Amino acid sequence: MKILKIASIPGDGIGREVVPAAIKVLEAIADVHGGLKFEFVEYPWSCEYYLEHGAMMPEDGLERLKEFDGIFLGAVGNPKIVPDHISLWGLLIKIRREFEQTINLRPAKMMNGIRSPLANPKDFDLIVIRENSEGEYSTVGGTIYQGEDEIAIQNAVFSRKATERAMRYAFDLASKRRSRVTSATKSNGIVYSMPFWDNVFKDVSKDYPDIQTDSQHIDALAAFFVTQPERFDVIVASNLFGDILTDIGAAVMGSIGIAPAANINVNGKYPSMFEPVHGSAPDIVGKGIANPIGQIWTAKMMLDHLGEEELGHQLLDVVEGVTGDGILTPDLGVRNTTKEVTEEIIHRLQAL
Ligand code: NAD
Ligand code: IPM
Ligand code: MN
């Protein structure tokens, strides 16, 4: 029996609705496999936990997470009770950084039965490699002066190591896909980091003569994501550009509620973390209508990462069977609940 030990952190808001749903799905798929078992340990780390303990996780939180095969996280953020930069940097971003989850994988594709908001969508299937450890998300900066002269300075940090690592990951992945990498740049407006980004892209691309490349400024690229998503295969982007692009990718798929993501530790020193693109959705929390598919597709990415690609493939097939039959939550224009969508997926898994 293969045992996978998973730390689950539902977090805040709808994270507490979609994580339990996806865990039920994972348990069902383990039964389909027969020789696989998940051992979940749940951690209540969240904004409420912060109010009680003065921190988003205990001091030895990372130490506890280290022993797991994977971390399955819902969403973090309840800005009504804890400012976002405190909750996010105390949990989600802390884990990404401390566990060297330097690559954020975020696929987007046309899903069976889900209507894209695009007028004439062509079949698209792309994946954004988001540099996940530095870039625009940096702690270098501060505020100077007071009052109306106050200035906030936020520096971006681009190291050759991290930039090259994200790019190599993109090229390696493209060589297993459609052999095309697009770089998201902005070297027309940003004078240090982005010309540097372009140079590293050029250098790395020399090692991959069979991969077609292009470079697009992020503003134009954002527009192309809407007008021609089918032209992309693998896109490599900095932390902030990748963040924004992947919400656009989610939107052109039909809803941010279905977009998955994986934070990958490439050196194998720490567990990777799996959490969907969306946040805690305070506007729909408690209504039972959160779309569980982003979290369930994220579970599929966790299966892939943990060597269970066949199961991952089966799971996504079942999900697309359900969406193809129009069993969808209100964000996709239908009125099924989180529970109904989840139960239908489980039911079909059990019938495999
Ligand atoms: P959000 O993704 O939570 O919500 C944006 C919109 O999408 C809302 O209308 C919401 O109802 C909808 N939505 C999101 N997920 C959905 C789902 N599964 N099903 C149906 N509809 C869904 O983004 P936001 O409103 O900018 O952020 C809310 C909070 O979440 C903030 O505290 C933010 O910082 C945090 N956040 C956390 C993460 C994360 O933990 N990975 C990601 C993004 C935002
Ligand atoms: C995401 C989120 C986070 C990010 C926020 C909540 C800090 O938007 O995972 O996409 O920007 O990385
Ligand atoms: Mn985001």
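Predicted model: local features only at pLDDT ≥ 70, side-chain atom pairs only at ≥ 80, totals over all residues.
Colleague: What confidence does the predictor assign to the chain and to the complex?

Modeller: The chain averages a pLDDT of 97, and 100% of the residues score at least 70. For the complex, the predictor gives an ipTM of 0.99 and a pTM of 0.98.

Colleague: What makes α8 and α9 roughly parallel to each other?

Modeller: The axes of helix α8 (residues 218-227) and helix α9 (residues 239-253) cross at roughly 15 degrees and come within 9 Å. Angles under 35 degrees count as roughly parallel, and α8 and α9 are therefore described in that way. Their crossing is right-handed.

Colleague: Which residues of α8 and α9 meet?

Modeller: From α8 there are Ile218, Leu221, Ala222, Phe225 and Val226, and from α9 there are Phe241, Ile244, Leu245, Ile248, Gly249 and Val252. By class, this contact has 10 nonpolar residues, one polar and no charged. Gly counts as polar, and Gly249 is among the α9 residues in the contact.

Colleague: Why are α10 and α11 called roughly antiparallel?

Modeller: Helix α10 (residues 293-305) and helix α11 (residues 309-324) have axes that cross at roughly 160 degrees and come within 7 Å. Angles over 145 degrees count as roughly antiparallel, so the term applies to α10 and α11. The crossing of this pair is left-handed.

Colleague: Which residues make the contact of α10 with α11, and how do they divide by class?

Modeller: Helix α10 contributes Ile293, Ile296, Trp297, Lys300, Leu303 and Asp304, while α11 contributes Glu309, Leu311, Gly312, Leu315, Leu316 and Val319. They comprise eight nonpolar, one polar and three charged residues. Asp, Glu and Lys count as charged, and the contact includes Lys300, Asp304 and Glu309.

Colleague: How do you know that α1 is roughly parallel to α12?

Modeller: Helix α1 (residues 15-33) packs against helix α12 (residues 338-350) at an angle of about 5 degrees, their axes being 9 Å apart. With angles under 35 degrees counted as roughly parallel, α1 is therefore roughly parallel to α12. In α1, the residues Glu17, Val18, Ala21, Lys24, Val25, Ala28, Ile29 and Val32 meet Thr338, Thr342, Ile345, Ile346, Leu349 and Gln350 in α12. This contact has nine nonpolar, three polar and two charged residues.

Colleague: Where does UniProt place the domain feature, and what is the helix and strand content there?

Modeller: An unreviewed UniProt entry places "domain: Isopropylmalate dehydrogenase-like" at residues 5-345. Over that range the chain is 40% helix and 19% strand, with the end C-alpha atoms 23 Å apart.

How values were computed
Residues numbered from 1 in each chain as written. Chains lettered and ligands numbered in written order. Axes fitted to C-alpha atoms, helices over the stretch in contact; angles between N-to-C directions. Helix = DSSP H or I, 4+ residues; strand = E, 2+ residues; numbered from the N terminus. Parallel < 35°, antiparallel > 145°, perpendicular 65-115°, else oblique. Left-handed = near helix turned anticlockwise from the far one by under 90°. Contact = placed C-beta atoms within 7 Å. pLDDT = per-residue confidence, 0-100. UniProt positions renumbered as here; feature names shortened; annotations may be inferred.
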